[in-house]
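Biologist: I am new to reading protein models, and I would like to learn what the words really mean. Could we go through one together?

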Amino acid sequence: MKNDNMKNQYRVNEQIRVREVRIVGEGESSVVPTRQALDMAREQGVDLVEISPNANPPVCRLIDYSKFLYQQKKRQKEMKAKQVKVEVKEIRFGPQTDEHDYQFKLKHAKEFLEEGNKVRAYVFFRGRSILFKEQGEVLLLRFANDLEEYGKVEHMPSLEGKKMFLYLAPKKAGVAKKSQQARDREASIAEAKEAERQQKAEQAAPSNGGLFANAKISADALKKLTEDSED
């Protein structure tokens with residue numbers, strides 16, 4: 001069915017009924033009467049294929065029609081393969097999820113967002129646990145806050161039946177905003193490195209001073225010995 005649709009997309013040979021067409025190929029183009037273009041196609045053993053019907057005049061190519069359809073199909077396949085497929089990954093919590101389980105699922109959510117996928121996190125309330133819906137909302141809000149470097153909230157926590165959903169979309173590369181905690185951590189590391197550098201510089205300074213001092217003393221002693229010998 002798909003091949004039939006592609007065949008119907010182009011007019012070929014006698015289906016082309018305009019007065020003249022533009023023939024393109026090998027970096028050249030020329031406008032000729034359609035009848036002449038059909039004669040050229042027959043002489044070369046190929047087809048006259050209309051590739052741009054809305055141009056004035058319509059643009060055609062002299063090419064084997066089966067080969068042309070194959071090339072078009074191959075090009076569409078390559079373009080489809082290059083398209084980034086965005087998937088929605090689900091993360092499920094209970095209203096009283098322990099810290100270890102929370103960190104485990106947080107790690108997976110980070111990986112999903114870094115890969116360009118969306119995340120749908122939800123808290124499932126079983127039976128009477130619906131009484132803890134506020135606790136579930138706090139959990140999802142914490143989840144969103146911990147992922148602020150990796151994703152943006154598309155939909156705040158909302159209750160749908162026995163599930164409370166939170167939707168996150170990945171941030172674009174290079175646009176992710178670092179959290180205050182991350183910025184403070186980087187600043188602390190930079191300060192520690194600077195302090196270490198200054199400490200090494202201070203330790204090196206006395207050592208160099210000692211060498212220069214010893215060299216000066218030796219020179220003075222040598223000068224004194226020379227003067228004594230001359231006397």
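Modeller: Here is a conversation about the terms and the values behind them.

Modeller: This is a predicted model, where local features need pLDDT of at least 70, side-chain atom pairs count only at pLDDT 80 or more, and totals for chains, interfaces and linings use all residues. Residues are numbered from 1 along each chain as its sequence is written, and side-chain values use heavy atoms, with hydrogens and water left out.

Biologist: How many helices and strands does the protein have, and what makes a stretch count as one?

Modeller: The protein has 6 helices and 8 strands. Helices are DSSP runs of H or I with at least four residues, strands are runs of E with at least two, and both are numbered from the N terminus. Read from that end, the order is α-β-β-α-β-β-α-β-α-β-α-β-β-α.

Biologist: Why is F93 called buried?

Modeller: Buried means under 20% relative accessible area, exposed means over 50%, and partly exposed is in between (1.4 Å probe, protein chains only). F93 has a relative accessible area of 2%, so F93 is buried. This residue lies in strand β5. Across the protein, 25% of the 231 residues count as buried.

Biologist: And what makes L106 buried?

Modeller: The relative accessible area of L106 is 5%, so L106 is buried. Its place is in helix α4.

Biologist: Which residues does F93 touch, and how do you know that they are in contact?

Modeller: Contact means heavy atoms within 4.5 Å. Not counting residues up to four places away in sequence, F93 touches Y102, K105, A121, Y122, V123, F124, L139, L140 and F143.

Biologist: What makes a group of residues a nonpolar core?

Modeller: Such a core is a set of buried Ala, Val, Leu, Ile, Met, Phe, Trp, Tyr and Cys residues joined through side-chain atoms within 4.5 Å. The largest one here has 19 residues, of which I91, F93, V119, L140, F143, L147 and L168 touch the most other members. Two or more residues come from each of β5 (88-93), α4 (99-114), β6 (118-124), α5 (133-146) and β8 (163-170). Helix α4 gives the largest share, 5 residues. There is also a second, separate core of 9 residues, including V21, A37, L38 and L48.

Biologist: Why is the pair D39 and R42 called a salt bridge?

Modeller: A salt bridge is a side-chain nitrogen of Lys or Arg within 4 Å of a carboxyl oxygen of Asp or Glu. For D39 and R42 the N to O distance is 2.6 Å, so the pair meets the definition. Both residues lie in helix α2 (residues 34-44), 3 residues apart, about one turn of the helix.

Biologist: Is D39 buried or exposed, or in between?

Modeller: D39 has 32% relative accessibility, so D39 counts as partly exposed.

Biologist: How do you know that E154 and K118 form a salt bridge?

Modeller: Their closest N and O atoms are 3.3 Å apart, so this pair is a salt bridge too. The pair links distant parts of the chain, with E154 in strand β7, K118 in strand β6, and 36 residues from one to the other. At a relative accessible area of 46%, E154 is partly exposed, and K118 is partly exposed at 29%.

Biologist: What about D146 and R142?

Modeller: Their closest N and O atoms are 3.6 Å apart, and they form a salt bridge. Both lie in helix α5, 4 residues apart, about one turn of the helix. D146 is partly exposed at 27%, and R142 is partly exposed at 34%. Salt bridges that share partners also join E14, R35, D39 and R42 into one network. The structure holds 10 salt bridges.

Biologist: Finally, why is V153 called partly exposed?

Modeller: V153 has 37% relative accessibility, so V153 counts as partly exposed. This residue is in strand β7 (residues 151-160).
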